[in-house]
There are 2 protein chains.
Amino acid sequence: MTDMDRRTITLLALLAPFTPLASGPVMGQVPGHKLPDNGEEMSSVPWMGDEQIAMLIYPGMTVMDLIGPHCMFSALMGAKIDLVASSLDPVTSDAGVTLIPTATFQSCPRDLTILFTPGGTDGTLAAASDSETLAFLADRGARAKYITSVCSGSLLLGAAGLLKGYRATSHWSCRDALAGFGAIPTDARVVRDRNRITGAGVTAGLDFGLSMVAELRGRIYAECTQLMGEYDPQPPFNAGSLRTASADVRTAMVEMAADFTRKAEALAGLQRN
Amino acid sequence: MTDMDRRTITLLALLAPFTPLASGPVMGQVPGHKLPDNGEEMSSVPWMGDEQIAMLIYPGMTVMDLIGPHCMFSALMGAKIDLVASSLDPVTSDAGVTLIPTATFQSCPRDLTILFTPGGTDGTLAAASDSETLAFLADRGARAKYITSVCSGSLLLGAAGLLKGYRATSHWSCRDALAGFGAIPTDARVVRDRNRITGAGVTAGLDFGLSMVAELRGRIYAECTQLMGEYDPQPPFNAGSLRTASADVRTAMVEMAADFTRKAEALAGLQRN
């Protein structure tokens, strides 16, 4: 019996009394996407689920883009999470963290609750040019209940043709490139347009992931997840967005990212406009 | 040339003009640890460093405890980060993410800038009872410049005898257990007492990690790191601490964690008081 199994049994017993109080989907509460005041329904929530979640991994990805959402998804009792790659060979992130996939493009379940892509820089551009990766995303994306990403992972969704006509976000350095894939670049921490749900850069995966937990299991379940993950952020500085960073910091980082920005726009075909 | 090498070269060129503006250590700006107004010195900062960072990994750890800090540490240009385990065999987290270590207890550098331990539940208790793990921590901790942890990783530091007489924090479920190791349990997101720097539960690793970047390279460098990681958190709910969660959520999660809380206190010898 794993730690997670034990937690599942304990939590099921504990949460049973709350089931009638659990609220329905609350994605509308993500900043910038408020539902009307009456948008939250009090209804029962399935504390145990059977979601099939596939998280793409590839060489050069940014591992925090993956692990932020994974931290929240792993609280979904009964859900099955696969880390999916072209083979079961180890995959090394841009900062040198090596993960072992749990499924391949072939063995990954065909009908997914969530299809997810993390971002990165050069590794993401390479993956977005890889026909096998794009074929996998297009195939699973054709049937997945939710098609999602964090950071420049949305470039992969776009390159696979999954964002045409959808509002979507990305890391600030490549958000505008999404237009080249027919998406509508949108500046928000988490952007939902129908079943496409995309997060902003890197650490936005925590907000994205917690929003998905609420979407799938309701607000009380999500709040339990937030407390267990002690997600009570207190950044020591306020430089986390282009709006709040000082001009010096902003200028330096925009310039530092400029090569990637150009490459992302070229990938999306924007250089031809 | 790796992505990180390229970023290093680009950033060095870009940031050179800022060097005279960079501030000194700013750990005092972590909430709850304010330095006096005059505590921040304007001085030059080494944009390129040579830190040796060892991050312990072990079966059953919570991978987000590791990757939050790693996300920030990996922005330290020139730093060497090792994921250290008893052998080079793959290590699987409590939620099923498998990582490959980069160093063993034997091959890990002997003189470290940062010694770091992530937390978990049963896996952490097992590691905190493993003599080889404790000997490694005690040895490297005897010389490390900073001795650090996130979440219940502080139990490992405590069990290795590294927190005696120091203020420290942990996940809320096992913070009080630290007293059994002679530490002074302290309720804050990031707690610094001399060279012991500990973070609260799971996601506190981002705040901890960013604080460490500021400590090592100054505030401007840390703000650049924050912008590149788009660390502008917008949690959709406000249930991330025992102070802010609703009574129902708090009660359920405290009860869910009770078995772990008891085991952690037993590990620390508190049951014998």
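By what turn and what shift along the axis can chain A be laid on chain B? A turn of 180 degrees and a shift of 0.0 Å do it, with an RMSD of 0.0 Å (superposed by least squares on the C-alpha atoms of residues with pLDDT of at least 70 in both). That is the relation of a two-fold axis. In chain A, A:L99 has the C-alpha nearest that axis, at 2.3 Å.

A bit of housekeeping: this is a predicted model, where local features need pLDDT of at least 70 and side-chain atom pairs need 80 or more, while totals for chains, interfaces and linings use all residues. Residues count from 1 along each chain as written, chains are lettered from A and ligands numbered from 1 in written order, and side-chain values use heavy atoms, with hydrogens and water left out.

Now the interface. Here are its totals for chain A and chain B.

| Item | Value |
|---|---|
| Residues in contact (heavy atoms within 4.5 Å) | 79 of chain A with 79 of chain B |
| Buried area (accessible area, 1.4 Å probe, lost on being put together, summed over both) | about 7,000 Å², 68% on carbon and sulfur atoms |
| Salt bridges (Lys or Arg side-chain nitrogen within 4 Å of an Asp or Glu carboxyl oxygen) | zero |

On the chain A side, A:L227, A:E230 and A:F237 lose the most area to chain B, together 12% of what that side buries. The residues there split into 43 nonpolar, 21 polar and 15 charged (Asp, Glu, Lys and Arg are the charged ones, and Gly goes with the polar). As for matching, 100% of the interface residues of chain A are also interface residues in chain B, so the copies meet through the same surface.

On to the sheet. Chain A has an open sheet of seven strands with mixed pairing, in the order β5-β2-β1-β6-β7-β11-β10 (strands are DSSP runs of E, at least two residues, numbered from the N terminus; two of them pair if DSSP finds at least two bridges). Its edges are β5 (103-104) and β10, each pairing on one side only.

At the β5 end, β2 (residues 80-85) of chain A runs parallel to β5(A) over two bridges, with A:V84 opposite A:A103. At the β10 end, β10 (residues 190-193) and β11 (residues 196-199) of chain A are antiparallel and joined by four bridges. A:D193 has A:R196 as its bridge partner. These two strands form a hairpin with two residues between them, and A:R194 in the turn has a positive phi of about 55 degrees.

Methods: Buried area = accessible area lost by both parts, 1.4 Å probe.
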